[in-house]
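Please look over the sequence and the model before reading on.

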Amino acid sequence: MSRVYNFSAGPAVLPEEVLKEAAAEMLDYRGTGMSVMEMSHRSRAFEEIITTAEQDIRDLMQIPDNYRVLFLQGGASQQFAMIPMNLMKNRVADYIITGQWAKKAAKEAEKYGKVNRIASSEDKTFSYIPDCSDLPVSEDADYVYICENNTIYGTKFKTLPDTKGKTLVADVSSCFLSEPVDVTKYGLIYGGVQKNIGPAGVVIVIIRDDLITEDVLPGTPTMLTYKTHADAKSLYNTPPAYGIYICGKVFKWIKAQGGLSSMKEKNEKKAKVLYDYLDQSSLFKGTVVPKDRSLMNVPFVTGDADLDAKFVKEAGEAGLVNLKGHRTVGGMRASIYNAMSYEGVTALVEFMKKFEEENL
């Protein structure tokens, strides 16, 4: 069977070149006579894999020397607790609620301190990003938290909030490495890699040195302390070694594509094809305020649940898979991450045009 166009929100499509390289090295990684899956994380071969991966993401994002890159486990969801445990010195934090994941993060943080929800777009089913130019940032807040790209609802912060000098913490799971980023604007950036970078099981945390301390909340487990992992260079315990190896290959692939500026250009071009069609379609409608649209996740609906289901089924039969929207919003969602080709998006639009003709 030929490969399908996979529009899954995550785990998601990976670059074919990366998969082929990994397949070629599956039984014998560079003359070691074993797979990376079988390799000791203390071996010289793996040390080179993780060191190179870190250097490549540093190059791509131009990460300054006073930030650490940590390859961790537990997914983005574990960071919902790890962040307050490590950063909530005053036991106060401000959260901007633009979707389910920010909501869950705020709820988890409430176990450790006072959470102020200083802006929200829940009033309109998270279909826009609230104005964050003059927020009621709490004087004693330890940090201001955002989910930068909302996978479920298809919104993206185009301008970062004015945190009035407070540390900005951002979940970038679904826009990681999709465009250039000024790391210095954040205290901590993190994301699960299973959308844009690698297989599920790795979360990357980029954290400023001054936020890595032994002064964490009482009872914080050793494994949930950033300092533990920073001091051990992400090798305190056995890391998700094979996942890190694939991430490293994806970093090389992005470099070969021309880096993050080139990636953004390609992503804008792909997204434009789909949004332009949605804007003139008589059947399909995008659900997000145009100025806040994500380049990565594009939700759309017909307005008829039965027709939506028919579309998802027929699209799947045509090799366009995983287009069903998140269970909380229904409809459809096309996740068009870095590894989704321009051809894949045009194939989707051609199918949508055909479906529209047959079902209007």
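Which residues point one way from β10, and which the other way? V203, V205 and I207 point one way from β10, I204, I206 and R208 point the other way, and all are buried. Buried means under 20% relative accessible area, exposed means over 50%, and partly exposed lies in between, with a 1.4 Å probe and protein chains only. The model is a predicted one, in which local features need pLDDT of at least 70 and side-chain atom pairs count only at pLDDT 80 or more, while totals for chains, interfaces and linings use all residues. Residues are numbered from 1 along each chain as its sequence is written, and side-chain values use heavy atoms, with hydrogens and water left out.

Strand β10 covers residues 203–208, and 6 of its 6 residues are buried. Helices (H or I, at least four residues) and strands (E, at least two) are DSSP runs, numbered from the N terminus. Two strands are said to pair if DSSP finds at least two bridges between them. Strand β2 (residues 67–72) is mostly covered as well, with 5 of its 6 residues buried. β2 pairs with β10 in the antiparallel sense over 6 bridges. Within this pairing, Y67 stands opposite R208, and V69 has I206 as its bridge partner. Strand β9 (residues 188–192) is also antiparallel to β10, joined to it by 5 bridges. There, G192 has V203 of β10 as its bridge partner.

T225 is buried, with a relative accessible area of 10%. Contact means heavy atoms within 4.5 Å. Leaving aside neighbours within four places in sequence, T225 is in contact with M82, N86, T213, V216 and T220.

A separate description is needed for the open sheet of 3 strands, which has the order β11-β12-β14 and antiparallel pairing. Its edge strands are β11 (285–286) and β14 (332–335), each of which pairs on one side only. Strand β12 (residues 297–301) is joined to β14 by 4 bridges, and V298 stands opposite A334 in β14. Helix α7 (residues 259–280) packs on this sheet, where α7 touches β11, β12 and β14, and its direction makes about 20 degrees with that of β12. Axes are lines fitted to C-alpha atoms, for helices over the stretch in contact, and angles run from 0 to 180 degrees between N-to-C directions.

The loop between β12 and α8 (305–317) holds G303. Is G303 buried or exposed? G303 is exposed, with a relative accessible area of 73%.

The axes of α7 and α9 (residues 342–359) come within 9 Å and cross at roughly 10 degrees. That makes the two helices, α7 and α9, roughly parallel. Angles under 35 degrees count as roughly parallel, those over 145 as roughly antiparallel, those from 65 to 115 as roughly perpendicular, and the rest as oblique. On the α7 side the contact includes K269, V273 and L278, and on the α9 side Y342, V349 and E356 are among the residues involved. The residues of this contact divide into 9 nonpolar, 1 polar and 4 charged. Here Ala, Val, Leu, Ile, Met, Phe, Trp, Tyr, Cys and Pro count as nonpolar, Asp, Glu, Lys and Arg as charged, and the others, Gly among them, as polar.

Helix α6 (residues 241–256) has an axis that comes within 7 Å of that of α7, and the two cross at roughly 80 degrees. α6 is therefore roughly perpendicular to α7. W253, I254 and K255 of α6 make the contact with G259, L260 and M263 of α7. This contact divides into 4 nonpolar, 1 polar and 1 charged.

How many disulfides are there? With a disulfide defined as a pair of cysteine sulfur atoms within 2.5 Å, the count comes to 0. For C175 the nearest cysteine sulfur is that of C147, 7.8 Å away. C175 is buried, at 7% relative accessible area. For C247 the nearest cysteine sulfur is that of C175, 16 Å away. C247 is buried too, at 0% relative accessibility.
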